Amino acid sequence: MSRRFIDDSSMEDPGISLCPSIYYRPIKPNDLDRLEQIHRDIFPIKYESEFFQSVVNGVDIISWAAVDRSRPDGHCDELIGFVTAKFVLAKDSEIDDLIHYDSSKGEETLIYILTLGVVETYRNRGIARSLISEVIKYASGLSVCRGVYLHVIAHNNAAICLYKRLMFRCVRRLHGFYLIKRQHFDAFLFVYFINGSRTPCSPLEVAMFVVNYMKSGIKSVASKLVNEEKGLKWLICKDTDCVLPSQTKPNLGSSSVYEFI
């Protein structure tokens with residue numbers, strides 16, 4: 001299975017404007033050398049030449065490139081970021097058990113994000129967020145597509161924070177998923193459900209609900225004991241960290257469950 005990370009290249013890019021004009025387009029054949037270079041600089045995993053050929057020629061892979069149209073000296077169409085992805089049949093995916101199927105739509109698919117990267121000098125400009133948003137927008141326009149999903153290495157906090165902000169749901173932790181330089185690393189599986197495919201809740205979310213419910217109960221009991229001791233009336237806990245089913249539903253649509261894994 002292909003692996004993906006989010007990171008930034010150490011390459012320097014000359015002539016960056018203070019207000020760059022970022023434009024998003026498909027990756028093209030003449031992006032091949034630059035695409036290979038960025039992958040080498042960013043990722044600890046080596047990608048075969050067949051992968052890059054498939055990306056630039058659009059063979060079983062869809063892609064988006066980010067370029068800075070304000071760059072001078074012929075660099076205005078040079079890659080500064082990218083995202084690559086592929087279609088996967090929903091029934092054959094590793095999240096098959098989490099998909100709510102609509103039999104009237106026929107063969108349903110998912111989009112799996114393969115690689116995502118932005119060069120170092122263009123960090124913190126919202127480019128990675130925009131690239132993922134392009135994938136989500138594209139997937140949402142396909143009636144048979146049920147979601148976008150990906151893996152992220154467990155220590156990549158920048159990527160994890162990005163997917164949380166984009167409302168991806170962390171549904172699983174996969175132990176030893178990555179093998180890098182003979183060392184295994186855990187991964188988190190993030191999913192963005194679309195077109196009505198979201199299940200009521202996954203087994204992981206059920207566990208998170210139980211944990212939050214127990215925490216809320218402990219807080220409520222502690223609050224009651226303290227207030228009774230002071231002769232005060234016990235009020236309903238309104239602390240945002242306290243999940244009370246009678247007041248509000250836990251935010252199962254976000255990927256904040258990662259924090260409790």
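Me: Why is Ser93 called buried?
Reply: Ser93 has a relative accessible area of 10%, and because buried means under 20%, exposed over 50% and partly exposed in between (1.4 Å probe, protein chains only), Ser93 counts as buried. This is a predicted model, in which local features need pLDDT of at least 70 and side-chain atom pairs count only at pLDDT 80 or more, while totals for chains, interfaces and linings use all residues. Residues are numbered from 1 along each chain as its sequence is written, and side-chain values use heavy atoms, with hydrogens and water left out.

Me: Where is Ser93 found, and which residues is it in contact with, leaving aside its neighbours within four places in sequence?
Reply: Ser93 belongs to the loop between β4 and β5, where helices (H or I, at least four residues) and strands (E, at least two) are DSSP runs numbered from the N terminus. Beyond those neighbours, Ser93 is in contact (heavy atoms within 4.5 Å) with Val88, Leu110 and Tyr149.

Me: What makes strand β4 largely enclosed by the rest of the structure?
Reply: Strand β4 spans residues 79–89, and eight of its 11 residues are buried, so the rest of the structure largely encloses this strand. Across the 261 residues of the protein, 47% count as buried.

Me: Why is the aromatic pair of Trp64 and Tyr138 called edge-to-face?
Reply: The structure holds 12 aromatic pairs, and in the one formed by Trp64 and Tyr138 the distance is 5.5 Å centre to centre, with 70° between the planes. Rings of Phe, Tyr and Trp (its six-membered ring) pair if their centres lie within 6.5 Å, and planes under 30 degrees apart count as stacked, over 60 as edge-to-face and the rest as tilted; the pair of Trp64 and Tyr138 is therefore edge-to-face.

Me: What does the pair tie together?
Reply: Trp64 lies in strand β3 and Tyr138 in helix α3 (residues 127–140), so the pair ties together parts that are 74 residues apart in sequence. Trp64 is buried, at 10% relative accessible area, whereas Tyr138, at 34%, is partly exposed.

Me: What makes the pair of Tyr163 and Phe168 edge-to-face?
Reply: The ring centres of Tyr163 and Phe168 are 5.3 Å apart and the planes stand at 65°, so this pair is edge-to-face. Tyr163 and Phe168 are both buried. Elsewhere, ring pairs link Phe43, Tyr47, Phe51, Phe52 and Phe82 into a cluster.

Me: Is Pro29 buried or exposed, and why?
Reply: The relative accessibility of Pro29 is 52%, and for that reason the residue counts as exposed. Pro29 sits in the loop between β2 (22–25) and α1 (32–42) and, not counting residues up to four places away in sequence, touches Val56 and Asn57. Pro29 and Val55 lie 8.4 Å apart in space, C-alpha to C-alpha, although 26 residues apart in sequence.

Me: How many helices and strands does the protein have?
Reply: The protein has five helices and eight strands, following the pattern β-β-α-α-β-β-β-α-β-α-β-β-α along the sequence.
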